[in-house]
Amino acid sequence: MSPPKENVSLLFKLYCLTVMTLIAAAYTVALRYTRTVEAELYFSTTAVCITEVIKLFLSVGILAKETGSLARLITSLRENVFGSPKELLKLSVPSLVYAVQNNMAFLALSNLDAAVYQVTYQLKIPCTALFTVLMLQRTLTKLQWFSVFMLCGGVTLVQWKPAQATKVQVEQNPWLGFGAITVAVLCSGFAVLASVGGVYTSVVVKYTDNIMKGFSAAAAIVLSTVASVLLFGLQITATFSLGAFLVCISIYLYVPRQDTTKIQPAETKTSKERLAAV
């Protein structure tokens, strides 16, 4: 007999999407602000390292709660981490890719406005689609291909005459920023196929449908644009507005029309089996 389906309330799904949207927008705006203040800049590698250490402690804390005791936690770590060097080596590949991606994000936001970055970073969608077709032998619908080309066109318009931020006085190199975000996009497209990124994102992926995740990405673009206008004096141009609009529409068109209001719980697996599945 199949296990009963778990009902996920609309309120909880909206909560997950709201938090994800705010985190995406706030992260980009805050990082942009810290990279443009007239002060000695911190090392981006240090920030990335601290972020991963925090995620490590959070993950260990969640595992400790699941195991229920210190002895079981140690046993689980010994079996799944130290006792599985081959699986650990596999996980090191997406980890390295994410490290490069996160450092490129710092470099990109040092040279591009938050709104421009947020729109351009959506190139990860066609990049992921390309890796999916080439590496996983999957096919895309005509509508999805159309949305991919529309998204690329929208990003081209945004980058054609980048909007200027009047309140930012530091020297910037838009070409360097675009090059950095291109590397970040390539890393993101590959890493998506290798592992699930982010502790909170995994919750959103489980309990929300693709349409709502697409809406969240579009909403983050809007919030980042509004914040850039207020904080950095971003001057919105016609080409930027049109490009951002096309990107938001393409995100909506790309995501499959499916609903996951009722989640089918996965069968119970051991920690070692879950790790191997990744």
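Helices here are DSSP runs of H or I with at least four residues, strands are runs of E with at least two, and both are numbered from the N terminus.

This is a predicted model, in which local features need pLDDT of at least 70, side-chain atom pairs count only at pLDDT 80 or more, and totals for chains, interfaces and linings use all residues. Residues are numbered from 1 along each chain as its sequence is written, and side-chain values use heavy atoms, with hydrogens and water left out.

Start with the whole protein. Its secondary structure comes to twelve helices and two strands. Along the sequence the pattern reads β-α-α-α-α-α-α-α-α-α-α-α-β-α. The protein has 278 residues, and 38% of them count as buried. Buried means under 20% relative accessible area, with a 1.4 Å probe and protein chains only. Contact means heavy atoms within 4.5 Å. Among contacts with a separation of 6 or more, 91% join residues 24 or more positions apart.

Now return to H2. The 24 residues of H2 should span 34 Å at 1.5 Å a residue, and its end C-alpha atoms are 35 Å apart, which agrees. The expected span is 1.5 Å times one less than the number of residues. Ser44, Ala47, Val48, Leu63 and Thr67 are the buried residues of H2. Their cover includes helix H3 (70–82) and H4.

Two packed helices are described by the angle between their axes and the distance between the axes. Axes are lines fitted to C-alpha atoms, for helices over the stretch in contact, and angles run from 0 to 180 degrees between N-to-C directions. Helix H2 (residues 44–67) packs with helix H4 (residues 85–109) at about 135 degrees, their axes 9 Å apart. That angle makes H2 oblique to H4. Angles under 35 degrees count as roughly parallel, over 145 as roughly antiparallel, 65 to 115 as roughly perpendicular, and the rest as oblique. H2 supplies Ser44, Thr45, Ala47, Val48 and Glu52 to the contact, while H4 supplies Asn102, Asn103 and Phe106. By class, these are three nonpolar, four polar and one charged residues. Ala, Val, Leu, Ile, Met, Phe, Trp, Tyr, Cys and Pro count as nonpolar, Asp, Glu, Lys and Arg as charged, and the others, Gly among them, as polar.

Next comes a second pair. Helix H7 (residues 142–160) and helix H11 (residues 238–254) pack at about 160 degrees, with axes 7 Å apart. H7 and H11 are therefore roughly antiparallel. The contact of H7 with H11 holds 17 nonpolar, six polar and no charged residues. Leu151 of H7 and Val247 of H11 are among the residues that meet there.

Those two residues also touch Gln122. This residue sits in the loop between helix H5 (114–120) and H6. Gln122 counts as buried because its relative accessibility is 4%. Beyond its neighbours within four places in sequence, Gln122 contacts Leu151, Ala217, Ile221, Val247 and Ile251. The C-alpha atoms of Gln122 and Ser250 are 9.9 Å apart, across 128 residues of chain.

Helix H6 (residues 124–136) has 13 residues and reaches 17 Å from first C-alpha to last, close to the 18 Å expected. Ile125, Pro126, Cys127, Thr128, Ala129 and Thr132 are buried in H6. Just after H6, Gln137 takes a positive phi of about 60 degrees.

Key. Buried means under 20% relative accessible area, exposed over 50%, partly exposed in between (1.4 Å probe, protein chains only).
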